[in-house]
Amino acid sequence: AMILLSQELPLSISLNQDTYRNAAQFARAGFEAAECCLPVHYHAEVDLSIFPAYLEEVCPRIADGGLRIASFHLPFGTYWDISSPDETIRAGAVQALAQLIRLLAPYPGNNLVLHPSFEPIEECAREAHIAACQKSLRELAPIAEETGKKIALENLPRTCLGRTSQEMERITESGALCGICMDTTHMFHETPQDFLRRCGKWVINTHLSDYLNGQDECHWVPGTGSLHWREIFAALIALPYGGTYNFEVFKYAPLEIVGGLKNALER
């Protein structure tokens, strides 16, 4: 673990099909863990056949690079939408995710990051999406539990579900249905500090990155945007948050991330 704000904090990095080969570079830079992102094809029909080979290739490469897998990011898209009011799509998504969760059972990594919805969602359909999402979570949570894993529902931006801490509290039934993955770059209505005040006790996973005053999907290195990293980290430490400090930034070298974070925390 890296010493930050006088604490030993486990740093983690999101790795996808383009970046998993860089695991060793991240390990050398001081990261100890990784989130393994499963392949996503936003509008393609579900094809479960791609995942066994992907996991067999990627997971050992990450481990051999010196990182432990702490979490998996489950796929999302039109046919993975657990909030779809179209029961055929919703049930299909749940069935596919259930199979995928069982496939992940033998792999390390307790947290399964799940998107509560796809988008766009019209305002008049929002309640139907929330109800469908909760129904799906009730079906998926026991399957995750059977395999020794936990669902970490991610807060999302724009018209997606989970765009405020209030909505995340409601969807997860105050953490009773599942845990939360806090994504700092998806908040357009409050700060991560506000989010943690309401939902912090249910946060089991993080997607840390910076953005500038609510611009969309920046996923920048900490210190390059408008977020207050010292306050965010202090709030997580105070909870106390027991998960990894996972960075969901894809276009930076490992030392850029660590250097940016250290500078941001000193400010």
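Modeller: Happy to! One definition to start: a crossover is right-handed if, with the strands pointing away from the viewer, the path from the first strand over the helix to the second runs clockwise. Helices (H or I, at least four residues) and strands (E, at least two) are DSSP runs, numbered from the N terminus. This is a predicted model, where local features need pLDDT of at least 70 and side-chain atom pairs count only at pLDDT 80 or more, while totals for chains, interfaces and linings use all residues. Residues are numbered from 1 along each chain as its sequence is written, and side-chain values use heavy atoms, with hydrogens and water left out.

Colleague: Thanks! Which elements make a right-handed β-α-β unit with S7?

Modeller: Helix H5 (residues 165-171) and S8 do, together with S7. From S8 the chain then goes through helix H6 (residues 192-199) to S9, in a β-α-β crossover that is right-handed.

Colleague: And how do S7 and S8 pair, and over how many bridges?

Modeller: Strand S7 (residues 150-154) pairs with S8 in the parallel sense, over three bridges; pairing here requires that DSSP finds at least two bridges between two strands. Ala152 sits opposite Gly179 in S8. S8 also pairs with strand S9 (residues 203-207), again in the parallel sense, over four bridges, and Met182 is opposite Thr206 in S9.

Colleague: Is S8 mostly covered or exposed?

Modeller: Mostly covered: five of the five residues in S8 (residues 179-183) are buried, meaning under 20% relative accessible area with a 1.4 Å probe, protein chains only. Gly179, Cys181 and Asp183 point one way and Ile180 and Met182 the other way.

Colleague: Zooming out, what is the strand order in the open sheet?

Modeller: The eight strands run S9-S8-S7-S6-S5-S4-S3-S10, with parallel pairing. S9 and strand S10 (245-247) are at the edges with a single partner strand each, so one side of each has no neighbour in the sheet.

Colleague: What about S3 and S4?

Modeller: Strand S3 (residues 11-15) and strand S4 (residues 33-37) run parallel and are joined by four bridges. Ser12 is opposite Ala33 in S4.

Colleague: Changing topic: which residues touch the most other members of the largest nonpolar core?

Modeller: Ile13, Phe31, Leu137, Phe233 and Phe247, out of 77 residues. Such a core is a set of buried Ala, Val, Leu, Ile, Met, Phe, Trp, Tyr and Cys residues joined through side-chain atoms within 4.5 Å. Helix H3 (residues 87-104) gives the most to this core, with eight residues.

Colleague: What does Phe247 touch?

Modeller: Leaving out residues up to four places away in sequence, the residues it touches include Ile13, Phe31, Leu208, Pro222 and Phe233, where contact means heavy atoms within 4.5 Å.

How values were computed. Buried < 20%, exposed > 50% of the residue type's maximum accessible area, 1.4 Å probe, protein only.
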